[in-house]
Amino acid sequence: MRNRYAGAMTTPMTPLAVSACTVTSALGDGLEAQHEALRSGRGGLRPNDFGSAPRLGWVGRVAGVEAAALPAALADWDCRNHRLAWLGLQQDGFLDRVHAARARYGARRVALLLGTSTASIGATEEAYRRLDADGRFPADLRRPALHAPDSLSAFAAAALGLEGPCLTISTACSSSAKVFASAARLIELDLADAAVVGGVDSLCDNVLFGFNALELISPVACRPFDAARDGISIGEAAGFALLERTDAAPRAPRLLGYGEASDAWHMSSPHPEGHGAELALDAALARAGIDAAQVDYVNLHGTASRANDAMEAALLARRFPATTRASSTKGFTGHTLGAAGIVEATIALQAIEHGFVPGNLGAATPDPACGPQFAWRNEARRVDVALSNSFGFGGNNACLVFGRAP
Amino acid sequence: MTPLELFVEGIGLWSPRLGDFAALRALLAGAVLDAAAAPAAALLPANERRRAPESVRLAVEVAGQALAMSGRDPGTLACVFASAHGDQAITDAICTTLARAPAELSPTRFHHSVHNAPAGYWTIATGCRAPSSAVCAGAHTFGAALLEAASQVLAEQRPVLLACSDIAGRGPLLEMTGCDHAFGSALLLAPAAGANTLARLRLTLPTDHAASTPPPATLAAAAAGNPAAAALPLLALLAGRGGRCRIGRAAAAELLIDVEPVA
């Protein structure tokens with residue numbers, strides 16, 4: 001009765017085409033920069049040079065965000081988070097792909113579903129640092145739309161000219177994985193013909209000092225699944241994908257399944273036996289209509305926190321054969337929080353496209369709990385099915401299954 | 001489009017004036033009400049209730065009311081928690097600390113600041129391992145979250161608990177949010193009629209754009225400034241004899257909702 005909670009009614013879903021995607025992170029702007037960095041084992045982390053002192057730990061910071069000016073028509077949305085979003089939207093021809101979808105289906109038939117944990121709270125932090133003599137926000141930051149948790153989606157809807165269903169999902173570090181699930185439901189119910197999904201999170205004092213207060217930040221570059229791992233490195237990223245029915249893009253890779261479940265355990269640490277993570281995995285496999293042995297690659301959540309990696313290593317070991325390869329790529333990008341789901345979805349898609357499994361950067365001495373599934377170094381290998389795990393605060397779990405077009 | 005058809009099995013409501021859905025019915029029938037007691041959030045264990053921030057207590061209160069009406073098992077019930085602003089009091093406190101002495105940020109305050117804190121507290125308190133979500137869409141949060149919940153109900157053929165709430169803001173942030181009083185509501189939505197069905201909803205996405213239905217005149221003050229109160233026109237139809245309302249779901253786009261009470 002493995003599916004007793006999350007999957008009792010889970011039946012296979014109609015696959016969707018991932019007809020376009022893009023990613024911008026500490027590894028660079030666009031898919032090719034990410035692919036090249038993964039291939040060469042070049043991580044993007046550096047000693048923290050962002051935000052208020054004391055600057056703790058290492059970060060995965062995107063170069064050039066500050067210089068990525070918004071077009072004049074979007075100037076009211078200007079803030080660092082939206083500059084990162086805009087930089088991300090411009091890569092890999094993604095804007096053109098969205099415009100083509102809008103022309104084909106109509107603006108009201110393209111949904112927009114984005115994940116973020118902190119949206120543009122960096123602008124709110126700045127306003128509090130620069131309160132005027134009356135204790136009000138400084139005049140240049142009196143822009144209510146910036147100081148709301150849906151600011152990213154509202155900005156993107158304006159930037160992309162989309163008028164379909166629009167929603168921000170903010171479930172901490174599973175946010176931009178869950179957007180795929182919501183999009184799949186909207187398209188299945190014919191409430192949209194296509195969906196732009198993705199997520200953006202940018203560095204801000206809130207997360208740097210918040211995770212520091214929880215004693216979850218490593219003083220060095222994070223070491224996922226290392227025996228001596230001692231915490232996360234926070235990163236920032238913007239990533240997007242376009243989902244359509246498969247007849248619109250028959251050769252594109254596919255979203256085969258999604259699973260979502262809750263831990264019912266603790267606000268800031270995962271269930272030690274990964275109960276919710278396993279329910280999400282089961283639901284994702286059931287929707288994809290496959291079993292675990294058919295999964296070629298798992299991109300792990302692998303944050304380098306003691307608790308997450310212990311739970312996830314055990315889950316991997318008990319559910320997958322050694323032929324399934326697995327790695328965390330947070331040693332490359334840092335933990336991009338609400339953007340982690342989309343960043344790692346694009347890595348799973350690149351594993352399929354390029355036939356390679358990225359190595360688990362940062363683990364010099366693997367935790368003995370890790371099984372034979374771990375790819376400690378890059379491996380050349382055909383990948384037909386790739387899975388991506390995303391687990392968030394509050395015990396919020398999501399799992400996505402991607403596959404090669406048949 | 002074919003309307004999305006779903007069924008309401010439970011309704012929760014809290015505002016400073018209305019302690020539950022029965023109070024709304026009474027008010028609309030002309031009763032004079034005392035102020036509501038603070039949200040009890042009785043589903044939370046006592047120690048969690050003390051620790052929980054105001055946004056969590058409000059969301060759990062309305063969700064708990066809707067759950068109780070339905071008689072459903074929360075352990076297997078998917079949930080969607082929506083809020084336009086999240087916990088504005090915590091955002092104000094965190095930003096104040098970050099501006100003054102960032103290293104003094106409290107770990108508890110930080111984990112209470114995530115938008116899915118109500119979903120986290122709810123799933124922990126009820127032992128719920130079903131999918132849970134936390135969403136927002138500015139002024140259109142209620143309509144967008146209702147569409148998300150309805151799509152879960154129909155695509156996955158499972159009941160879903162939707163709670164939408166915003167607390168009062170404070171500090172310098174309040175001038176930006178303009179939300180100076182609390183409001184929350186919850187709907188327990190099911191894919192099929194059952195013994196506990198209260199009403200049938202039919203949702204469509206009209207292709208035209210028109211103004212949303214205003215709240216009943218006696219509730220205009222409760223609605224003003226709080227995005228979660230966009231639920232009021234629908235709640236009023238549920239409290240009365242049904243009818244049609246139009247509720248914003250995105251910029252210049254709405255849901256049309258036909259409400260038919262089930263005796």
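So, confidence in chain B: the average pLDDT there is 97, and 100% of its residues score at least 70. Keep in mind that what we're looking at is a predicted model. Its scores are ipTM 0.98 and pTM 0.98.

Okay, let's go to where the two chains meet. On the chain A side we have 62 residues, and they're in contact with 60 residues of chain B. Which elements of chain A give two or more residues to that side? You've got the helices α4 (121-129), α5 (151-160), α6 (175-188), α7 (205-213) and α8 (275-288), plus the strands β6 (166-169) and β10 (254-262). If you sort the chain A residues that touch chain B by class, you get 29 nonpolar, 21 polar and 12 charged.

Two bridges join β6(A) to strand β3 of chain B, residues 132-136, and the strands run antiparallel.

Last stop, a pair of helices inside chain B. Helix α3, residues 54-70, packs with helix α6, residues 117-126, at an angle of about 55°, and their axes are 9 Å apart. Parallel, perpendicular or oblique, then? At about 55°, α3(B) and α6(B) are therefore oblique to each other. The crossing of α3(B) past α6(B) is right-handed. From α3(B), the contact uses B:S55, B:V56, B:A59, B:V60 and B:A63, and from α6(B) it uses B:A117, B:P118, B:Y121 and B:W122. By class, that contact has eight nonpolar residues, one polar and no charged ones.

Technical notes
Residues numbered from 1 in each chain as written. Chains lettered and ligands numbered in written order. Predicted model: local features only at pLDDT ≥ 70, side-chain atom pairs only at ≥ 80, totals over all residues. Axes fitted to C-alpha atoms, helices over the stretch in contact; angles between N-to-C directions. Helix = DSSP H or I, 4+ residues; strand = E, 2+ residues; numbered from the N terminus. Parallel < 35°, antiparallel > 145°, perpendicular 65-115°, else oblique. Left-handed = near helix turned anticlockwise from the far one by under 90°. Contact = placed C-beta atoms within 7 Å. Nonpolar A, V, L, I, M, F, W, Y, C, P; charged D, E, K, R; others polar. pLDDT = per-residue confidence, 0-100. Pairing = 2+ DSSP bridges.
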